[in-house]
Amino acid sequence: MTRIISYNILAGGYNLTAKGTRRTHQLIKIISSVQPDIVGLVEAANPQLTEKPMVIEEIAETLGMQLIPSGEFAHHGWGYPAALLTRLPIVSTKLHSRPGLLARPLLEVCVKEAEGQQLTVFLTHLSASFNRGWAGNHIRQREVQEILHITAPLRAEGKPHVLMGDFNTLSPGDAFKASFLLRYVLGLDTERSSGQVAIGLPHLNGIVPPRLRFLKPLLQTVAKSTVLSGLFDAAVYFYAPRGAIRPLRKLYMDCFRCLHPHERGFTCPAAAPAGRIDYIFACPVLADRLANCYVITEGEGMPADCASDHLPVAAEFSTLPNP
């Protein structure tokens, strides 16, 4: 069995407003509860905090896993970089940097599984740009098209591979509780005014387009009303862009949705899950090996929202095809 986790650990695992305190212990508890073979970490490092050892290095050492960063953590222009941890033998690594096409490089790591077969893992973090509305969606669509171009040779050769990470977008047909997100962000904005919120967490201006920010008083009223929240959820469900995931669903298997067609599977924000934006996609070659896929809500008794603002997604692939 090969166990894989996709996890956005928020700002490199640091709380910047709490004198750079680390969430190493919390993150290790959540990750180790699954005993994964591969862990794809989004926002794996914080360029503002590079003192050794970094949180990601502490996690790798504690779990006894190899660390593959997406370039030099301290010298890059991509914001919070990604990284991959694995306890499997590494065959090859590659970083696909596409300025103008990808906001952040696509990390590619090929490993050898227990039975000797090779598995290639791609780790991505698509642009958020939520306050740009449909323009943000077009950016993510462009990124997905480039990723599909990069992964095309593996599809053509029928080589097993998965694509995972934080896609910052909903999937067609998925539920979305926008009122949950609204109340969460409004609460953060209130805490932020007193300097209590860690850098990296969302704020209202980061979600609401500039031309609609005059509606802030109305949004505050909506958040306090059950009836208005229901209407808000219905309206935003149809407005929320979902186009970036469609091309992926035509070529890859959405592991969670494949096994749980009617469950929400919300992954963000962890303290008030409102939507599913973290995914593990598998190529058709792996379809008959998919044994399980689930969202991790706690680890060793610790709620996952104590570790990050995202809930991790785990997938398990059997060594041999399932009956």
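Biologist: Which residues does Gly-165 touch, not counting residues up to four places away in sequence?

Modeller: Happy to start there, with the reminder that this is a predicted model. Gly-165 touches Ser-6, Val-42, Leu-123, Thr-124, Ile-277, Asp-278 and Tyr-279. Gly-165 itself sits in strand S10, which covers residues 161-166.

Biologist: What makes Gly-165 count as buried?

Modeller: Buried means under 20% relative accessible area. Gly-165 has a relative accessible area of 0%, so Gly-165 is buried.

Biologist: How far apart are Gly-165 and Tyr-279, in sequence and in space?

Modeller: They are 114 residues apart in sequence, yet 5.9 Å apart from C-alpha to C-alpha. Across the protein, residues 24 or more positions apart account for 73% of the contacts with a separation of 6 or more.

Biologist: Why is Val-227 called exposed?

Modeller: The word exposed is used over 50% relative accessibility. Val-227 reaches 62%, so Val-227 is exposed. Val-227 belongs to helix H6, residues 226-239. Together with Leu-228 and Leu-231, Val-227 forms a nonpolar patch on the surface, with about 280 Å² of accessible area.

Biologist: Phe-256 is my next residue. Why is Phe-256 called buried?

Modeller: Its relative accessible area is 5%, and the limit for buried is under 20%, so Phe-256 is buried. Phe-256 lies in helix H8, residues 255-259. Leaving aside neighbours within four places in sequence, Phe-256 is in contact with several residues, among them Glu-263, Arg-276 and Tyr-294.

Biologist: Let us turn to the sheet. What is the order of its six strands?

Modeller: The order is S5-S6-S4-S1-S16-S13, in an open sheet with mixed pairing. Strand S5 (66-69) and strand S13 (290-295) are the edge strands.

Biologist: What makes S5 and S13 edge strands?

Modeller: Each of them pairs on one side only.

Biologist: How do you know that S4 and S6 pair?

Modeller: Two strands pair if there are at least two bridges between them. Strand S4 (residues 38-42) and strand S6 (residues 83-86) have four bridges, so they pair, in the antiparallel sense. Gly-40, for instance, has Leu-84 in S6 as its bridge partner. On the other hand, S1 and S4 run parallel and are joined by five bridges. There, Ile-5 stands opposite Val-39 in S4.

Biologist: How do you know that both faces of S4 are covered?

Modeller: Look at the residues on each side. Ile-38, Gly-40 and Val-42 are on one side, Val-39 and Leu-41 are on the other, and all are buried.

Biologist: Which helix packs on the sheet and touches S1 and S4?

Modeller: That is helix H1 (residues 24-32), whose direction makes about 145 degrees with that of S1. The buried residues of H1 include Leu-27, Ile-28 and Ile-31. Helix H2 (residues 55-63) lies across S4, S5 and S6, running at about 10 degrees to S6.

Biologist: Now for charged pairs. Why do Glu-146 and Arg-98 form a salt bridge?

Modeller: The rule asks for a side-chain nitrogen of Lys or Arg within 4 Å of a carboxyl oxygen of Asp or Glu. The closest N and O atoms of Glu-146 and Arg-98 are 3.0 Å apart, so the pair passes. Glu-146 is in helix H3 (residues 134-157), while Arg-98 is in the loop between strand S7 (90-96) and strand S8 (106-112).

Biologist: Are these two partners buried or partly exposed?

Modeller: Glu-146 counts as buried, because 11% is under the 20% limit. Arg-98, at 28%, is between 20% and 50%, so Arg-98 counts as partly exposed.

Biologist: What does the salt bridge between Asp-174 and Arg-257 tie together?

Modeller: The closest N and O atoms of that pair are 3.0 Å apart. Asp-174 lies in the loop between S10 and helix H4 (178-192) and Arg-257 in helix H8, so the pair ties together parts that are 83 residues apart in sequence. Salt bridges that share partners join Asp-174, Asp-254, Arg-257 and Arg-276 into one network.

Biologist: How many salt bridges does the count come to by this rule?

Modeller: The count comes to nine salt bridges.

Key: Residues numbered from 1 in each chain as written. Predicted model: local features only at pLDDT ≥ 70, side-chain atom pairs only at ≥ 80, totals over all residues. Heavy atoms only, no water. Patch = residues over 30% accessible without salt bridge, like charges linked within 9 Å, V, L, I, M, F, W, Y side chains within 5 Å. Areas by Shrake-Rupley, 256 points an atom, 1.4 Å probe, with all protein chains shown as cover. Helix = DSSP H or I, 4+ residues; strand = E, 2+ residues; numbered from the N terminus. Buried < 20%, exposed > 50% of the residue type's maximum accessible area, 1.4 Å probe, protein only. Contact = heavy atoms within 4.5 Å. Axes fitted to C-alpha atoms, helices over the stretch in contact; angles between N-to-C directions.
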